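Open the model in your viewer and keep the selection panel at hand. The stops below go from one selection to the next.

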Amino acid sequence: MNTTEIFDKLWNEYIERTPSAERIQELFTSKGNEVFNDHVAFRTFDDERVNIEVLATPFLEAGYEECGDYHFEKKKLYAKHYEHKTDKNAPRVFIS
């Protein structure tokens with residue numbers, strides 16, 4: 001799956017669950033604004049079935065690479081961020 005397919009699938013699943021998001025996007029575009037994602041963020045659990053590595057797999061297969069990891073001690077949160085290797089307009093991906 002390529003980057004466009006991944007984000008189209010995610011968007012379609014999101015608007016199924018949150019129809020108001022599509023209406024908000026339509027409102028912006030009807031006023032002449034362009035809507036785009038500069039980044040997306042996902043939260044998961046430290047469980048081998050749904051951990052960061054599992055969620056990162058489709059992005060890595062689509063040309064993303066790991067660009068950093070972050071430890072937020074007070075929030076007890078660990079995160080990684082990914083950027084596409086060649087498409088600088090592709091959204092950055094954060095998974096914590």
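**Pockets, patch and salt bridges**

Start with helix α1, which gives the most to the lining of the second largest pocket, with four residues. This is a predicted model, in which local features need pLDDT of at least 70 and side-chain atom pairs count only at pLDDT 80 or more, while totals for chains, interfaces and linings use all residues. Residues are numbered from 1 along each chain as its sequence is written, and side-chain values use heavy atoms, with hydrogens and water left out.

Helices (H or I, at least four residues) and strands (E, at least two) are DSSP runs, numbered from the N terminus.

**Second largest pocket**

Select M1, I6, K9, L10, E13, F42, L55, P58, F59 and I95, the lining of the second largest pocket. A pocket here is an open set of points on a 1 Å grid over the protein atoms alone, where a 1.4 Å probe fits, with protein on both sides within 12 Å along at least five of seven lines; lining residues have an atom within 4 Å of a point. The space in this pocket is about 190 Å³, a volume being the space filled by probe spheres set on the points. Both α1 and α3 (52–61) supply at least two residues of its lining. By class, that lining has eight nonpolar, no polar and two charged residues. Ala, Val, Leu, Ile, Met, Phe, Trp, Tyr, Cys and Pro count as nonpolar, Asp, Glu, Lys and Arg as charged, and the others, Gly among them, as polar.

**Largest pocket**

Next, go to the largest pocket, with a volume of about 680 Å³. Select F7, L10, W11, N37 and V40, the closest to its centre of the 21 residues that line it. Which helix gives the largest share of this lining? It is α1, with nine residues. At least two lining residues each come from α1 (3–17), α2 (19–30) and β1 (39–42). The classes here are 12 nonpolar, five polar and four charged.

**Nonpolar patch**

Select I24, F28 and V35, which make a nonpolar surface patch of about 270 Å². Patches are made of residues with over 30% relative accessible area and no salt bridge, nonpolar side chains (Val, Leu, Ile, Met, Phe, Trp, Tyr) being joined within 5 Å. I24 sits in helix α2 and is partly exposed at 46% relative accessibility. Buried means under 20% relative accessible area, exposed over 50%, and partly exposed in between (1.4 Å probe, protein chains only).

**Salt bridges**

The structure holds four salt bridges, each a side-chain nitrogen of Lys or Arg within 4 Å of a carboxyl oxygen of Asp or Glu. Select K80 and E66, whose closest N and O atoms are 3.4 Å apart. K80 lies in strand β3 and E66 in strand β2, so the pair ties together parts that are 14 residues apart in sequence. Is K80 buried or exposed? K80 is buried, at 11%, whereas E66 is partly exposed, at 42%.

Move to D47 and R49, which meet in a salt bridge at 2.8 Å, N to O. D47 is partly exposed at 24%, and R49 is exposed at 64%.

**Last stop**

Finish at K76, in the loop between β2 (64–72) and β3 (77–84). The phi of K76 is near 55 degrees, a positive value in a residue other than glycine. K76 is exposed, at 77% relative accessibility.

Definitions and conventions
Patch = residues over 30% accessible without salt bridge, like charges linked within 9 Å, V, L, I, M, F, W, Y side chains within 5 Å. Areas by Shrake-Rupley, 256 points an atom, 1.4 Å probe, with all protein chains shown as cover.
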